[in-house]
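Notebook open, viewer open. I'm jotting things down as I look them up.

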Amino acid sequence: MTSLAENAGPLTSRRSMLCGLAVAMVVPGGLAACSTTTTNPSTGTGNTGGSTGTGNTTGGSTGSAGAAGLAALADVPDGGGLIVESGGKPLVLTRTGDVVKAFGAACPHAGTTVSPPKGGIITCPNHGSQFAATDGSLKKGPSTKGLTEVPVKVDGDQVVMA
């Protein structure tokens with residue numbers, strides 16, 4: 001008969017695995033932060049790390065800033081938006097027609113990265129704060145202030161820092 005002490009190794013490993021799985025489910029962005037490879041869906045070029053990114057990850061809702069810009073304009077849905085990264089910080093890009101705006105994507109309440117806008121509203125998945133996609137203003141707390149606008153512009157077919 002084996003003792004609990006003899007089984008501590010496998011139990012510890014299982015416990016570590018389950019804790020890691022729980023963290024991954026609660027913080028899905030945490031897994032993306034561990035990755036160092038980014039890909040630009042428009043060009044297929046990628047960046048495998050380093051401080052001078054050359055690729056964008058814009059498939060769906062996240063991306064990385066690079067020499068080519070924050071995102072291809074075509075990748076920012078009209079009436080919606082996506083989350084990108086610039087200088088190691090998340091930004092939420094929003095688009096209405098040809099007008100693209102960017103806001104710091106860290107919720108002022110607890111720092112959680114907000115979700116891309118839906119129906120003109122940017123929502124924090126952590127505590128439910130809501131912000132207007134047009135100007136970042138606070139619509140619903142618990143946050144006590146809106147998102148900070150970050151200057152961007154459209155340069156050809158790319159959204160770039162202004």
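Which strands form the open sheet, in what order, and is the pairing parallel or antiparallel? I find three strands in the order S3-S12-S11, with antiparallel pairing. S3 and S11 sit at the edges with a single partner strand each, so one side of each has no neighbour in the sheet. Pairing here requires that DSSP finds at least two bridges between two strands.

Ground rules before I go on. This is a predicted model, where local features need pLDDT of at least 70, side-chain atom pairs count only at pLDDT 80 or more, and totals for chains, interfaces and linings use all residues. Residues are numbered from 1 along each chain as its sequence is written, and side-chain values use heavy atoms, with hydrogens and water left out.

**Entry: the sheet, bridge by bridge**

I checked S3 (residues 71-72) against S12 (residues 158-161) and got two bridges, antiparallel. Ala71 stands opposite Val159 in S12. On to S11 (residues 152-155), which pairs with S12 over four bridges, again in the antiparallel sense. There Val154 has Val159 as its bridge partner. The hairpin of S11 and S12 has two residues between the strands, and Gly156 takes a positive phi near 65° in it.

**Entry: the whole chain**

I count two helices and twelve strands; both are DSSP runs numbered from the N terminus, helices being H or I of at least four residues and strands E of at least two. From the N terminus the order is α-α-β-β-β-β-β-β-β-β-β-β-β-β. Of the 162 residues, 30% count as buried (buried is under 20% relative accessible area, exposed over 50%, partly exposed in between, with a 1.4 Å probe and protein chains only). I also looked up contacts, meaning heavy atoms within 4.5 Å. Of those with a separation of 6 or more, 30% come from residues 24 or more positions apart.

**Entry: cores**

Which residues have the most contacts inside the largest nonpolar core? They are Leu70, Val76, Val84, Leu93, Val152 and Val159, in a core of 13 residues. Strands S4 (81-86), S5 (89-96) and S6 (99-104) are the elements that give two or more residues to this core. Apart from it lies another core of eleven residues, including Val114, Cys124, Phe131 and Leu147. For the record, a nonpolar core is a set of buried Ala, Val, Leu, Ile, Met, Phe, Trp, Tyr and Cys residues joined through side-chain atoms within 4.5 Å.

I then clicked on Leu93. Leaving out residues up to four places away in sequence, Leu93 touches a list that includes Leu70, Ala71, Val76, Pro117 and Val159.

**Entry: two spot checks**

Is Lys89 buried or exposed? Lys89 counts as exposed, because its relative accessibility is 59%. I place Lys89 in strand S5. Lys89 and Ala105 are 16 residues apart in sequence, and their C-alpha atoms are 8.0 Å apart.

Ser137 lies in the loop between strand S8 (130-132) and strand S9 (138-140). With a relative accessible area of 26%, Ser137 is partly exposed. Beyond its neighbours within four places in sequence, I see Ser137 in contact with Gln130, Phe131, Ala132 and Gly146. The side chains of Ser137 and Asp135 are joined by a polar contact of 2.8 Å (a pair of N or O atoms within 3.5 Å; within protein, one must be able to donate a hydrogen and the other to accept it, and residues adjacent in sequence count only if both atoms are side-chain atoms).
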